[in-house]
Each structure stands twice: as C-alpha cells, then as structure tokens.
Amino acid sequence: MEKRMGDMTPNLSRKEFACQCGCGYDTVDYDLPDVIQNAVYHFQDKHQGLRIHVKINSGTRCETHNTNVGGSMESQHLYGKAADIVIYDGLTDTAIPASKVADYFERIYPRSHGIGRYNGRTHIDVREPMARWDVTTDEDTSMHEKQWLNRMIHKFFT
Ligand SMILES: [Zn+2]
C-alpha cells in the first residue's frame with residue numbers, strides 16, 4: 001500500500017473512521033487521530049522510518065451497525081472515541097504484532113484510555129476513566145470460558 005497524506009493526520013483520513021454500514025456517520029473525537037498517529041510515529045522510529053502505516057479495522061459505528069457487529073451498548077465506537085487498528089510494515093506487508101501495539105499504548109497511557117487486546121488487532125479509545133481487557137485466545141483457555149469472558153467484556157467495555 002502506498003503511503004499518502006491523510007486529511008486528519010499524515011496517515012489518517014476521516015473517511016477511514018466512518019461507520020462501515022455506509023450510513024455516513026463519521027464523528028471522530030478530537031484526540032483519537034493524534035493518539036493513533038503517535039503510535040505510527042513510534043513504530044516508524046523503531047523501524048527506521050520504513051513504510052509503517054495503519055489500518056482502521058473498525059472506527060465509528062452507528063447504533064445499528066454496532067448491534068450488528070456485537071458491540072456493547074456503551075461502546076466507545078458509538079461516540080467516535082474508539083478504533084480497532086492494525087499497524088503494518090509496508091515494506092514487508094506484515095502486521096506489527098498486536099501485542100506490541102497494545103504494549104506501546106499501555107506504556108504511553110498507564111492510567112488513561114481504553115486499550116483492548118484481540119488476536120490480530122488492538123482497540124484504542126479516548127474514554128475516561130481507563131479500561132483494559134484482553135480477549136486474545138490461546139490453546140489453554142477452553143472455548144466455554146472464552147465465550148463467557150467475551151460476553152462479560154462486550155457487556156462492559158468494547
Ligand atoms: Zn452506520
């Protein structure tokens with residue numbers, strides 16, 4: 001993917017945050033693009049400025065779309081305060097491990113923001129007060145436990 005200039009930050013455009021159902025809802029909290037752009041800068045520095053870019057997997061959601069994707073009733077995505085992101089190294093076209101992206105956010109915001117760990121993506125939001133969750137799966141966790149955990153987490157956080 002070619003690097004291009006975004007209309008919100010160097011790597012981000014408003015349309016990337018827009019609700020994916022096509023309704024046109026594209027409210028984005030003032031702070032969110034900068035929080036994500038700073039993460040891109042961090043990995044650009046770490047990788048000597050190689051072509052690091054970010055993909056917004058899920059940004060702002062209208063209520064209908066949020067329900068359809070199983071988001072919680074209080075989801076920060078409803079308010080334009082959240083994004084699920086993947087940061088890529090464009091040179092090798094591989095994703096920076098989601099755990100490294102979450103580690104970065106937790107280090108920069110030790111007592112604020114919402115940070116959620118998923119397999120292959122990272123949730124970041126600009127809520128107050130802070131929230132943390134980890135729904136990455138591994139072979140040690142039984143499916144039943146995982147489903148229960150996911151239900152609880154969706155109820156309260158995502
Ligand atoms: Zn929508």
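**Salt bridges and a zinc site**

There are 6 salt bridges in this structure, which is a predicted model. A zinc ion is there too, held by Cys-19, Cys-21, Cys-23 and Cys-62. Here's a quick tour of both.

**The zinc site**
- Each of the four cysteines coordinates the zinc ion through its SG atom, at 2.3 Å.
- The geometry is tetrahedral, with angles of 103 to 115° among the 4 donor atoms. For reference, the ideal angle for four tetrahedral donors is 109.5 degrees.
- Along the chain, the donors are spaced as C-x1-C-x1-C-x38-C.
- Cys-21 is partly exposed at 43% relative accessibility, and Cys-23 is partly exposed at 42%.

**Asp-29 and Lys-81**
- These two pair up in a salt bridge, with their closest N and O atoms 3.3 Å apart.
- Asp-29 sits in the loop between α1 and α2 and Lys-81 in the loop between α3 and β2, so the bridge ties together parts that are 52 residues apart in sequence.
- Asp-29 is buried, at 18% relative accessibility, while Lys-81 is partly exposed at 26%.

**The Asp-84 network**
- Asp-84 meets Arg-121 in a salt bridge at 3.4 Å, N to O.
- The pair connects strand β2 to strand β5, so parts that are 37 residues apart in sequence are tied together.
- Arg-61 joins Asp-84 and Arg-121 in a network of salt bridges.

**Arg-117 and Glu-106**
- The closest N and O atoms in this salt bridge are 3.2 Å apart.
- Arg-117 belongs to strand β4 and Glu-106 to helix α4, 11 residues apart.
- Arg-117 is buried at 15% relative accessibility, whereas Glu-106 is partly exposed at 30%.

Definitions and conventions: Residues are numbered from 1 along each chain as its sequence is written. This is a predicted model: local features need pLDDT of at least 70, side-chain atom pairs count only at pLDDT 80 or more; totals for chains, interfaces and linings use all residues. Side-chain values use heavy atoms; hydrogens and water are left out. Donors are N, O and S atoms within 2.8 Å of the metal (3.2 Å for Na, K and Ca); water is not among the atoms, so sites may look incomplete. Four donors count as tetrahedral if all angles lie between 85 and 135 degrees; four count as square planar and six as octahedral if opposite donors are over 155 degrees apart and all others between 65 and 115; anything else is irregular. Buried means under 20% relative accessible area, exposed over 50%, partly exposed in between (1.4 Å probe, protein chains only). A salt bridge is a side-chain nitrogen of Lys or Arg within 4 Å of a carboxyl oxygen of Asp or Glu. Helices (H or I, at least four residues) and strands (E, at least two) are DSSP runs, numbered from the N terminus.
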